[in-house]
Amino acid sequence: PRGLAAAGAAVGGGNGNGGNSGRSVNDLLVPESGGGQETDYIVRQALVVMFRVLRRAVLQSAPPTLDDSPLATIPFGQPTVSQAILAFLLSRFGHLSASNFSTMHDLSRLFLHCLLHFNLDTPARHEALTGIGKSATPSASDAPGDDKSGTTGGSGGAGTSGKGADGLSVADVSRNSYRRDFLRWMCCCCVPQHFTTLTTHSVLDTFSKSFLRSTFDSVKKHIATRVRNDKEKMSAKNQAVVLTHLPKFLLSLERDVINDNAPMWDVNF
């Protein structure tokens, strides 16, 4: 009963930049400008999945699980985000001295911390911010099944107009990939936080390449905002580390995130 009562609780907190702060389920269902119908569809689809999970649990008098849903195949790809960042750290900075490597290790922890607590923008807002283009009608490709486009595209920005073998442009693939990851994030990471009987999964151990690519730009901007707001609270040493090394760290990470052949995406690294 407490889990069902939590259905009306707020979904998601803030990103520290005024993003989705304090947004409720009803807020997410209100159409947004520039693609509200698509957002309405994706969010409703996520809530329908969760409602079915809870209804089955009530009928069977058993704890709710995602075992019989399209979201049961966790993690959604290999390597996971946490494994990929570790591989990036070792492959790019493993040759540094102990002190310099420790600095890069701390920056990677900062990035993972921000990603872990980052609230994803709704698909319509993401498409507006990244310039993917006008949304198309949601289709079966938005379903939360296995990820078949994890090796396509960049970090979620505007794509080219070229068509792939399946007739989809890079922008189409990026849009569909984000919608799928947003639905998975809502069902596995966001909504369960407001239910006492659902397991909350960490994005770091749940998602892989497509998620990191589609969220990287937003997380990078969030980190920049956080550093700017907290700069005066930092010690002189931490200020020097962040202002000197963080931009180079993020640039190097971005290059590897969008590179399919980077060591961080090698499952055998």
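Guide: The accessible surface of the protein comes to about 13300 Å², and 53% of that belongs to carbon and sulfur atoms. Areas come from the Shrake-Rupley method with a 1.4 Å probe; for residues, only the protein chains shown count as cover. This is a predicted model: local features need pLDDT of at least 70, side-chain atom pairs count only at pLDDT 80 or more, and totals for chains, interfaces and linings use all residues. Residues are numbered from 1 along each chain as its sequence is written, and side-chain values use heavy atoms, leaving out hydrogens and water.

Of the 269 residues, 45% count as buried. Buried means under 20% relative accessible area, exposed means over 50%, and partly exposed lies in between (1.4 Å probe, protein chains only). The protein has 10 helices and 0 strands. Helices (H or I, at least four residues) and strands (E, at least two) are DSSP runs, numbered from the N terminus.

Now the charged pairs. A salt bridge puts a side-chain nitrogen of Lys or Arg within 4 Å of a carboxyl oxygen of Asp or Glu. The count comes to 8 salt bridges.

Take Asp256 and Arg92. Their closest N and O atoms are 2.7 Å apart. Asp256 lies in helix 10 and Arg92 in helix 4, so this pair ties together parts 164 residues apart in sequence. Asp256 is buried, at 3% relative accessible area. Arg92 is partly exposed, at 33%.

Next, helix 7. Arg184 and Asp181 form a salt bridge, 3.4 Å from N to O. Both sit in helix 7, 3 residues apart, about one turn of the helix. Arg184 and Asp181 are both buried.

Then helix 9. Arg226 and Asp230 meet in a salt bridge at 4.0 Å, N to O. They are 4 residues apart in helix 9, about one helical turn. Arg226 is partly exposed at 31%, and Asp230 is partly exposed at 25%.
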